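Here is a short briefing on one protein chain. Keep the model open while reading.

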Amino acid sequence: MALFRGVWRVLSSLGKSGAELCAGCGSRLRLPFSFVYIPKWFSSTLASYPKKPLTSYLRFSQEQLPIFKAHNPDVKNTELIRKIAELWRELPDAEKKIYEDAYKADWQAYKEEINRIQEQLTPSQIISLEKEIMQKRLKKKSLIKKRELTMLGKPKRPRSAYNIFVSESFQEAKDGSSQAKLKTVNENWKNLSSSQKQVYFQLAKDDKIRYDNEIKSWEEQMVEVGRSDLLRRKTKQQTEKCTEKC
């Protein structure tokens with residue numbers, strides 16, 4: 001519902017009705033909480049939009065990660081990211097400036113390309129294109145963040161006892177469709193005795209301990225590299241309380 005409310009607030013802030021919004025461009029709003037229906041040619045226009053350039057640190061990290069992995073194949077990404085962050089902090093300003101200048105140059109080229117594409121569109125096409133951009137941003141926001149967190153080595157969330165059982169059962173099962181396998185797994189889980197389930201509850205408990213340790217270390221690394229925005233809400237609150245007391 002939060003997502004729907006967000007979409008509706010954005011549309012309402014434009015100060016136009018769905019009919020006015022789509023007049024002259026062949027678009028329409030199916031329902032108040034639905035996404036905008038866009039003609040196919042708008043998708044091809046949006047596909048030609050360039051991607052935003054990487055920041056100076058992400059550019060450096062993306063460049064160094066394969067090198068670190070090659071020299072440390074058995075080390076986890078979280079540890080490699082920590083080492084890269086340390087290397088970035090110790091990097092002389094002159095060398096950092098190379099990455100910062102590259103980012104500024106790419107950002108300028110990005111803005112110029114965006115302006116070039118938009119100058120070729122009519123006002124009604126720009127309105128419809130903006131709606132499609134909003135739609136794609138809403139759909140891909142979580143995916144983009146997930147990719148960034150994966151690149152930064154964020155630990156995987158702990159699994160529940162049931163999820164561990166499902167994963168184990170799926171690996172053992174060879175025949176049948178996924179839906180049929182899942183149905184069988186559900187029945188098998190229900191038929192497990194309390195003592196059998198306890199094994200998986202203990203595994204889930206151990207995985208939770210693993211996650212707590214890894215996420216704490218990871219968040220400390222993110223603070224060090226200036227990415228406090230990636231901290232969990234409760235961690236941010238604890239940090240703020242500590243800052244106020246200190």
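P50 sits in the loop between helix 3 (40-47) and helix 4. The model is a predicted one.

- P50 has 27% relative accessibility, so the residue counts as partly exposed. The class of partly exposed lies between the 20% limit for buried and the 50% limit for exposed.
- Beyond its neighbours within four places in sequence, P50 is in contact with Y110, E113, I114 and I117.
- Take I117 from that set: P50 and I117 are 67 residues apart in sequence, yet their C-alpha atoms are 9.9 Å apart in space.

**Overall fold**
- The protein chain holds eleven helices and two strands.
- Read from the N terminus, the order of elements is α-α-β-β-α-α-α-α-α-α-α-α-α.
- The protein chain has 246 residues, and buried residues make up 30% of them.
- Among contacts with a separation of 6 or more, 67% join residues 24 or more positions apart.

**Helix 4 against helix 6**
- Helix 4 (residues 56-71) packs on helix 6 (residues 93-119) at an angle of about 115°, and the axes are 8 Å apart.
- Because of that angle, helix 4 is roughly perpendicular to helix 6.
- The crossing of helix 4 and helix 6 is right-handed.
- Helix 4 brings S56, R59, F60, E63 and Q64 to the contact, while helix 6 brings Y99, E100, A102, Y103 and D106.
- By type, the residues of this contact between helix 4 and helix 6 are four nonpolar, two polar and four charged.

**Helix 5 against helix 10**
- Helix 5 and helix 10 pack at an angle of about 20°, with 10 Å between their axes.
- Helix 5 is therefore roughly parallel to helix 10. The reasoning rests on a cut-off: angles under 35 degrees count as roughly parallel.
- The crossing of helix 5 and helix 10 is left-handed.
- From helix 5, the contact takes T78, I81, R82 and R89; from helix 10, W218, Q221, M222 and E224.
- The residues of this contact between helix 5 and helix 10 split into three nonpolar, two polar and three charged.

**Nonpolar cores**
- The largest nonpolar core has 21 residues, and Y57, L152, W218 and M222 touch the most other members.
- Helix 4, helix 5 (77-90) and helix 10 (194-224) each supply at least two residues of this core.
- What does W218 touch, leaving aside neighbours within four places in sequence? W218 is in contact with T78, L149, L152, G153, K154, P155 and L230.
- Another core, of nine residues, lies apart from the largest one. Its members include A161, F165, V185 and Y200.

**M151 in helix 7**
- M151 is found in helix 7 (residues 123-151).
- Leaving aside neighbours within four places in sequence, M151 is in contact with L58, S61, Q62, L65 and I81.
- M151 and L58 are 93 residues apart in sequence, but 9.2 Å apart in space, C-alpha to C-alpha.

Technical notes. Residues are numbered from 1 along each chain as its sequence is written. This is a predicted model: local features need pLDDT of at least 70, side-chain atom pairs count only at pLDDT 80 or more; totals for chains, interfaces and linings use all residues. Side-chain values use heavy atoms; hydrogens and water are left out. Axes are lines fitted to C-alpha atoms, for helices over the stretch in contact, and angles run from 0 to 180 degrees between N-to-C directions. Helices (H or I, at least four residues) and strands (E, at least two) are DSSP runs, numbered from the N terminus. Angles under 35 degrees count as roughly parallel, over 145 as roughly antiparallel, 65 to 115 as roughly perpendicular and the rest as oblique. A crossing is left-handed if the near helix is turned anticlockwise from the far one by less than a right angle, and right-handed if clockwise. Contact means heavy atoms within 4.5 Å. Ala, Val, Leu, Ile, Met, Phe, Trp, Tyr, Cys and Pro count as nonpolar, Asp, Glu, Lys and Arg as charged, and the others, Gly among them, as polar. A nonpolar core is a set of buried Ala, Val, Leu, Ile, Met, Phe, Trp, Tyr and Cys residues joined through side-chain atoms within 4.5 Å. Buried means under 20% relative accessible area, exposed over 50%, partly exposed in between (1.4 Å probe, protein chains only).
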